[in-house]
Amino acid sequence: MNIDSRRNRSDQLRIKHLRLLELVAEHHSLAAAAQALHLSQPTVTSMVQTLEEVFGTTLIERSARGGSLTDAGNLALRQLRVALASFDTALESVVRGSTPLVRMGVLPLLDAWLLPQAMARMEATGTLPRIAITHGGINVLYGGLDRSEIDCAICHLDELPVQGGHLTDLHIEPLHEESRLFACATDHPLAQHASLRLGDLANEEWIVPPKASQARRVLERVFLGAGLMPPEPRVESFPYHTNLEVVAATRMLTFAPSSPVRHYAEMGRVHILPIADDIPVSRLAFLARQPVMQLPGVEPLRQAVVWAARQMAAARAA
């Protein structure tokens, strides 16, 4: 069957056909997928045949133990999830009103300074969509983009797990460079020093992200690059706001992107440690899959985030 014939055949596909692949991936069972769709097993089998005729290849590997997606099935699902997400967004917009919904993923606390400015900009220009915010680490956000559970994300590029990803259609828009800072409580003994070296921090207690996180590996590279063993933390915690609150109340130190650290320092909650050693900078970025950029509300949000990042960078440089 040539590509034009397959396109004609695809007119017979319905939303339930697309949901079928998603349900098989979730349950690893055609029977469970049939039950979730409230359809008979023969009907689901016929749907599988239609899907595979359209794509011209085997999408679901059937066995006595159930069913699982082939490599081609997983590839098809990753692309079709964009269509499913677009349909869900369109349905919700019609049911709840004409204002589009944008599902945004954000690393913890980045929204404390960037998103308020972006939202104020959109409100002033009359382009503010409905926004559902998901907080999580880079793996959560990257997986959410891959599965079309979120439409866009804001994160640090040096934490992007591109080596194991599937997002070949990812739009990456760098926003601005951001340093990482060490912080302690305002009454910590180290807060009295005008200048410190990384070696001065080696014997302190720490609260930092978990071992498997990209943020933790950045910390380890900083110490190893200075010829020092990385600190073994007393507490492992990912959310930066949790870590900074603990730092404010204890004698522990932490290491985090400059935006949340400066935010807490401006509130008088923590003290920024003046480290003389070179600390690597990271770049903040706006991420979205290319097809998602066409969804209502995403482009105005992107423009507002870019504007807010530039404003923030200009303020820091002043």
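Me: At 1% relative accessibility, does F182 count as buried or exposed?

Reply: F182 counts as buried, because its relative accessibility is 1%. The term buried stands for under 20% relative accessible area, exposed for over 50%, and partly exposed for what lies in between (1.4 Å probe, protein chains only). The model is predicted, so local features need pLDDT of at least 70 and side-chain atom pairs count only at pLDDT 80 or more, while totals for chains, interfaces and linings use all residues. Residues are numbered from 1 along each chain as its sequence is written, and side-chain values use heavy atoms, with hydrogens and water left out.

Me: What percentage of the 318 residues of the chain count as buried?

Reply: The figure is 47% of the 318 residues.

Me: How many helices and strands does the secondary structure have?

Reply: Helices (H or I, at least four residues) and strands (E, at least two) are DSSP runs, numbered from the N terminus. This chain has eleven helices and eleven strands.

Me: How is a pair of aromatic rings described?

Reply: Two values are used: the distance of the centres and the angle of the planes. Rings of Phe, Tyr and Trp (its six-membered ring) pair if their centres lie within 6.5 Å; planes under 30 degrees apart count as stacked, over 60 as edge-to-face and the rest as tilted. By this rule there are five aromatic pairs. In one of them, F182 and W206 are edge-to-face, with 5.8 Å from centre to centre and 75 degrees between the planes. F182 sits in strand β6 and W206 in the loop between β6 and β7 (207-208), so this pair ties together parts 24 residues apart in sequence. W206 is buried, because its relative accessible area is 0%.

Me: Which aromatic pair do F182 and F223 form?

Reply: That pair is edge-to-face, at 6.2 Å centre to centre and 85 degrees between the planes. F182 is in strand β6 and F223 in helix α8 (residues 214-225), so to speak two distant parts of the chain, 41 residues apart. Both F182 and F223 are buried. One aromatic cluster is formed by F182, W206, F223 and F255.

Me: Where does H176 lie?

Reply: H176 is in strand β6 (residues 170-185). H176 counts as buried because its relative accessibility is 7%. To find what surrounds a residue, look for contacts, meaning heavy atoms within 4.5 Å. With neighbours within four places in sequence left aside, H176 is in contact with W113, S282, R283, L284, A309 and A313. Over the chain, of the contacts between residues at least 6 apart in sequence, 73% join residues at least 24 apart.

Me: How many residues does the largest nonpolar core have?

Reply: A nonpolar core is a set of buried Ala, Val, Leu, Ile, Met, Phe, Trp, Tyr and Cys residues joined through side-chain atoms within 4.5 Å. The largest here has 26 residues, and M104, L114, I154, L175, F286 and V305 have the most contacts inside it. At least two residues of this core come from each of β3 (101-106), α6 (114-125), β5 (152-156), β11 (281-289) and α11 (298-317). Helix α11 gives the most to the core, namely eight residues. Another core lies apart from it, with 19 residues, including L20, L23, V44 and L77.

Me: How are two packed helices described?

Reply: Take the angle between their axes and the distance between the axes. Axes are lines fitted to C-alpha atoms, for helices over the stretch in contact, and angles run from 0 to 180 degrees between N-to-C directions. The axes of α2 (residues 15-27) and α3 (residues 30-37) come within 8 Å and cross at roughly 130 degrees. That makes α2 oblique to α3; angles under 35 degrees count as roughly parallel, over 145 as roughly antiparallel, 65 to 115 as roughly perpendicular and the rest as oblique. In α2, K16, R19, L20, L23, V24 and H27 meet L30, A32, A33, A36 and L37 of α3.

Me: At roughly what angle do the axes of α9 and α10 cross?

Reply: Helix α9 (residues 240-249) and helix α10 (residues 258-266) have axes that come within 10 Å and cross at roughly 40 degrees. This pair is oblique too. Y240, H241, L244 and E245 in α9 meet P260, V261 and Y264 in α10.

Me: How many residues of helix α7 are buried?

Reply: Seven of the nine residues of α7 (residues 138-146) are buried, so the helix is mostly covered. They are I138, L141, Y142, G143, G144, L145 and D146. S148, which follows α7, has a positive phi near 60 degrees.
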